[in-house]
Amino acid sequence: MSAPLHNAIESQTNIKPRRIVLTGFMGSGKTTLGPLVAARLGWSFVDVDDVIEAEAGTTIAELFARHGEAPFREREHATIARLAAADALVLALGGGAIEHPHTRTLLLNNPGTLLIHLEVELATTLARCQGTEHTRPILADQANLASRYQRRLPLYRTANVSIQVDTLTPEQAVQAILQAAGLI
């Protein structure tokens with residue numbers, strides 16, 4: 001099986017990562033694949049959004065509504081910075097985390113961190129996320145959704161590795177992630 005891979009840096013000069021960070025647009029599979037990768041490695045899995053909601057005692061949507069995007073992104077960055085210090089960790093980012101320049105810099109320059117972009121076409125996002133509009137209100141606003149996707153795509157592609165996952169089964173995607181990380 002050969003998944004389309006793009007290595008921005010050649011597997012960080014063959015140094016095995018101590019943590020894998022998954023980024024990508026909604027529906028790319030971060031929260032589906034993250035636990036599978038962690039289980040295969042015997043590592044922990046953490047979804048940044050789950051940590052933020054648990055610590056804030058409310059939902060991401062409520063945090064956005066109550067405080068706005070900028071304060072949320074600062075909270076998200078601080079959470080990611082704290083979590084990205086752990087070893088033997090697979091970390092799933094929220095879809096917009098990549099937009100914060102300090103978060104990108106942190107993840108791309110943090111020794112032992114491999115940032116992997118799970119790339120999907122917008123049509124794949126729409127198909128995979130159908131029926132979740134109540135938790136993802138942006139899905140109802142197609143024009144804004146497409147604009148957000150186009151704005152984020154070049155940022156996602158700054159990751160160490162991009163893997164096109166539209167047509168991969170979860171097991172194939174896990175294999176591609178582990179291969180990209182040099183862990184199989």
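**From one residue to its surroundings**

Modeller: Gladly! Leaving aside residues up to four places away in sequence, Val46 touches Val51, Leu83, Leu89, Val90, Leu91 and Ala92, where contact means heavy atoms within 4.5 Å. This is a predicted model, in which local features need pLDDT of at least 70, side-chain atom pairs count only at pLDDT 80 or more, and totals for chains, interfaces and linings use all residues. Residues are numbered from 1 along each chain as its sequence is written, and side-chain values use heavy atoms, with hydrogens and water left out.

Colleague: Is Val46 buried or exposed?

Modeller: Let's apply the cut-offs: under 20% relative accessible area is buried, over 50% exposed, and in between partly exposed, with a 1.4 Å probe and protein chains only. The relative accessibility of Val46 is 19%, so Val46 counts as buried.

Colleague: Which strand holds Val46, and in which sense does that strand pair with strand 4?

Modeller: Strands (E, at least two residues) and helices (H or I, at least four) are DSSP runs, numbered from the N terminus. Val46 has its place in strand 3. Two strands pair if DSSP finds at least two bridges between them; strand 3 (residues 44-47) has four with strand 4, with Ser44 opposite Leu89. The sense of the pairing is parallel.

Colleague: Which residues of strand 4 are buried on its two sides?

Modeller: In a regular strand the side chains alternate between the two faces of the sheet. Strand 4 (residues 89-92) is covered on both faces. The buried residues are Leu89 and Leu91 on one side, and Val90 and Ala92 on the other.

Colleague: What is the bridge partner of Leu22 in strand 4?

Modeller: Strand 2 (residues 19-23) also pairs with strand 4 in the parallel sense, over four bridges. The partner of Leu22 there is Ala92.

Colleague: How are helix 3 and helix 5 oriented to each other?

Modeller: Axes are lines fitted to C-alpha atoms, for helices over the stretch in contact, and angles run from 0 to 180 degrees between N-to-C directions. Helix 3 (residues 48-56) and helix 5 (residues 69-83) pack at about 110°, with axes 10 Å apart. Angles under 35 degrees are roughly parallel, over 145 roughly antiparallel, 65 to 115 roughly perpendicular and the rest oblique. That makes the orientation of helix 3 to helix 5 roughly perpendicular.
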